[in-house]
Amino acid sequence: HITRPAYTGPFTNTWTNIHRFLTFDYKIENPSAVAQKYDFVWGANYKNLAAYRAANPHIVLSYYFPMHRNHGDFIDTALGKQQGLDYWRALHPDWVLYKCDRTTPAYEYYDPNMPFILTDPTIMHWMVQSFAAPAAQYGYDAIALDNVNMDNMFGACGSYDKNGQWVQRYTGKTNDPQWQADVANWIAEMREALRHLSKPLLLISNLDPGSAAIDSASM
């Protein structure tokens, strides 16, 4: 016999059956027409929020951004692809995460968006203020955090400090305990930051545990 836990929301209770969620709504032309079909939109366009809410007041809507890559601007996320290495070397050279050749940024999935180090609290603050705080103000319920990879899949190795000195933090290998620990700590800090917004947000991540042991300290 299974004892069903008390449900506290905000999600619709799906304990007795399976409900549908929409990953992205890029091609949804009429949000009002589909809102009743879903309990949750993971990557919801800000332009569609009002229509979703009007048609389904219980729907959960989350704002998308990748874990530690430049996402541009809250509205104009295409800026993230345009702000290349020269831009960040001039603005925050100590934010850029490099491969072990100390020259090539540890780009993810052939994405030109700049990868950032995981250990600088000023980056976390910038991401919260640039994306999470506006998401709360717009009426989102959560952050849809993508590419939370416990494996160091793209050979991240280190960064340059404010004095231009190389600081190596990772081996560049896929299974790297320091990488796993830093990712876990980053997630914990972001979750805590979201709780302290004027309107607290949930954190719903696309997690790939990779080679990390389920019972490891990082998990």
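The legends below describe close-up views of a predicted model. Residues are numbered from 1 along each chain as its sequence is written, and side-chain values rest on heavy atoms, with hydrogens and water left out. Because the model is predicted, local features need pLDDT of at least 70 and side-chain atom pairs count only at pLDDT 80 or more, while totals for chains, interfaces and linings use all residues.

**View 1. Ser-62 within strand β3.** Ser-62 belongs to strand β3 (residues 60-66) and is buried, with a relative accessible area of 0%, where buried means under 20%, exposed over 50% and partly exposed in between, using a 1.4 Å probe and protein chains only. Beyond its neighbours within four places in sequence, Ser-62 is in contact (heavy atoms within 4.5 Å) with residues including Phe-40, Trp-42 and Tyr-140. Its bridge partner in β5 is Ala-142, and β3 pairs with β5 (residues 142-149) in the parallel sense over 5 bridges.

**View 2. Lys-37 in a loop.** Lys-37 lies in the loop between α1 (31-34) and β2 (40-43), and at 46% relative accessibility Lys-37 counts as partly exposed. The C-alpha atoms of Lys-37 and Ile-59, 22 residues apart along the chain, are separated by 9.6 Å.

Terms used
Helices (H or I, at least four residues) and strands (E, at least two) are DSSP runs, numbered from the N terminus. Two strands pair if DSSP finds at least two bridges between them.
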